Amino acid sequence: MAAKINEAHDHIAKAEKYLRTSFMKWKPDYDSAASEYSKAAVAFKNAKMLEEAKEAYLQEAEAHTNNKTLFHAAKALEAAGMMLKDMQRIPEAIQYIERASMMYVENGTPDTAALALDRAGKLIESQDLAKAVDLYQKAASVFENEDRLRQAVEMLGKSSRLLVRQHKLDEAAVSIQKEKNMYKEIENYPTCFKKTIAQVLVHLHRNDFVAADKCVRESYSLPGFSGSEDCIALEQLLQGYDEQDEDQVHRVCNSPLFKYMDNDYAKLSVSLRVPGGGKKKAPAADAAEGGAGAGEADEDEYAGGLC
């Protein structure tokens with residue numbers, strides 16, 4: 001352990017020497033200094049001195065920045081972020097990774113920037129869902145600007161699910177629509193159908209039947225949607241919801257098509273309730289009794305509660 005610490009301090013001393021100028025040396029040797037700081041960071045890390053390792057990576061990043069080697073500067077910033085992650089200082093780690101992503105874009109390597117933002121989103125997701133959404137949306141924008149729509153829509157999908165998890169349904173509706181548009185652009189129509197189901201569930205939880213119905217109507221223009229399993233299920237769901245038929249809504253929402261969606265949407269499905277508490281259809285035996293029994297069934301039409 002002591003040997004590693006001494007090794008790290010030796011590398012720091014060498015780096016500082018490379019940065020000094022003199023009468024015969026007018027310009028600092030940033031490249032050599034960066035290399036020494038990197039070696040020092042690794043030695044500190046091996047000695048379990050994570051704070052010192054982080055500082056060494058930051059000094060490496062500064063040397064690379066002064067040397068106009070932004071890609072390597074960004075890598076060093078990411079490494080500093082990873083030291084903070086290991087110290088359970090996740091919000092600080094995210095700040096460095098975001099700075100690194102901006103450097104990657106400036107360097108002309110946007111794909112690397114988007115992947116860094118994705119990693120940052122995964123790191124912060126368990127602590128701060130709103131920040132994770134922001135990071136995934138930024139990653140999606142970077143990919144979209146590069147016409148990498150498949151990667152962009154994957155990031156948007158993560159964002160949409162987290163918005164649903166936070167019950168930010170207005171924002172989720174907008175995000176899912178963007179997903180659907182991208183899937184349509186890359187001609188992945190079956191996934192468009194699934195996104196329509198997600199849209200309908202979100203809109204119904206927003207108590208906006210008109211918007212839910214509009215999503216389904218617009219989807220008829222998608223090749224293969226009309227008559228598909230998804231289309232039939234959505235028509236039955238909207239009909240049951242509009243008619244306050246609790247049994248029909250429950251049957252559709254608990255079908256495998258809905259139950260085996262991504263978990264956040266599946267939760268929307270099983271928790272969907274019809275307006276006003278809904279009603280259950282009278283059992284066939286009651287209907288056959290006629291007379292007073294039938295009258296009582298009519299009076300108790302809304303007493304069933306939710307399924």
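1. Helices (H or I, at least four residues) and strands (E, at least two) are DSSP runs, numbered from the N terminus. The expected span of a helix is 1.5 Å times one less than its number of residues.

2. Some ground rules. This is a predicted model, in which local features need pLDDT of at least 70 and side-chain atom pairs count only at pLDDT 80 or more, while totals for chains, interfaces and linings use all residues. Residues are numbered from 1 along each chain as its sequence is written, and side-chain values use heavy atoms, with hydrogens and water left out.

3. The overall picture. The chain has 17 helices and 0 strands. It holds 307 residues, and 43% of them count as buried. Buried means under 20% relative accessible area, exposed over 50%, and partly exposed in between (1.4 Å probe, protein chains only). Take contacts between residues at least 6 apart in sequence: 57% of these join residues at least 24 apart. Contact means heavy atoms within 4.5 Å.

4. α1 with α2. These helices pack at an angle of about 165°, and their axes are 8 Å apart. Axes are lines fitted to C-alpha atoms, for helices over the stretch in contact, and angles run from 0 to 180 degrees between N-to-C directions. α1 and α2 are therefore roughly antiparallel. The cut-offs are: under 35 degrees roughly parallel, over 145 roughly antiparallel, 65 to 115 roughly perpendicular, and the rest oblique. The crossing of α1 over α2 is left-handed. That term applies if the near helix is turned anticlockwise from the far one by less than a right angle; clockwise is right-handed.

5. Who meets whom in that pair. On the α1 side, the residues include Ala8, Ile12, Ala15 and Leu19. Their α2 counterparts include Ala33, Tyr37, Ala40 and Phe44. By class, the contact has 11 nonpolar, 4 polar and 6 charged residues. Here Ala, Val, Leu, Ile, Met, Phe, Trp, Tyr, Cys and Pro count as nonpolar, Asp, Glu, Lys and Arg as charged, and the others, Gly among them, as polar.

6. α3 (residues 50-66). This helix has 17 residues and reaches 24 Å between its first and last C-alpha, close to the 24 Å expected. Its buried residues include Leu50, Ala53, Tyr57, Leu58 and Ala61. Lys54, Glu60 and His64 are also on the buried list. The cover over α3 includes α1 (2-19), α2 (30-46), α4 (70-86) and α5 (90-107). Lys68 follows α3, with a positive phi near 65°.

7. α6 with α7. Helix α6 (residues 110-124) and helix α7 (residues 129-145) pack at about 165°, with axes 8 Å apart. They are therefore roughly antiparallel. α6 passes α7 in a left-handed crossing. The contact of α6 with α7 has 12 nonpolar, 1 polar and 5 charged residues. Among the residues that meet are Leu117 and Ile124 in α6, and Leu135, Val142 and Phe143 in α7. Buried residues of α6 include Ala113, Leu117, Gly121 and Ile124. What covers them includes α4, α5, α7 and α8.

8. α10 (residues 189-205). At 1.5 Å a residue, its 17 residues should span 24 Å; the end C-alpha atoms are 25 Å apart, which agrees. The helix is mostly covered, with 12 of its 17 residues buried. Among them are Phe193, Ile197, Val200, Leu201 and Val202. Lys195, Gln199 and His203 are buried too. The cover includes α8 (149-165), α9 (169-185), α11 (209-219), α12 (229-242), α14 (256-259) and α15 (263-270).

9. Ala173 lies in helix α9. At 12% relative accessibility, Ala173 counts as buried. Beyond its neighbours within four places in sequence, Ala173 is in contact with Val202 and His203.

10. Which backbone angles deserve a look? Most residues other than glycine have a negative phi. Glu187 is not a glycine, yet its phi is positive, about 60°. Glu187 sits in the loop between α9 and α10, and at 57% relative accessibility it counts as exposed. Asn207 also has a positive phi, near 60°. Asn207 is found in the loop between α10 and α11. At 65% relative accessibility, Asn207 counts as exposed.
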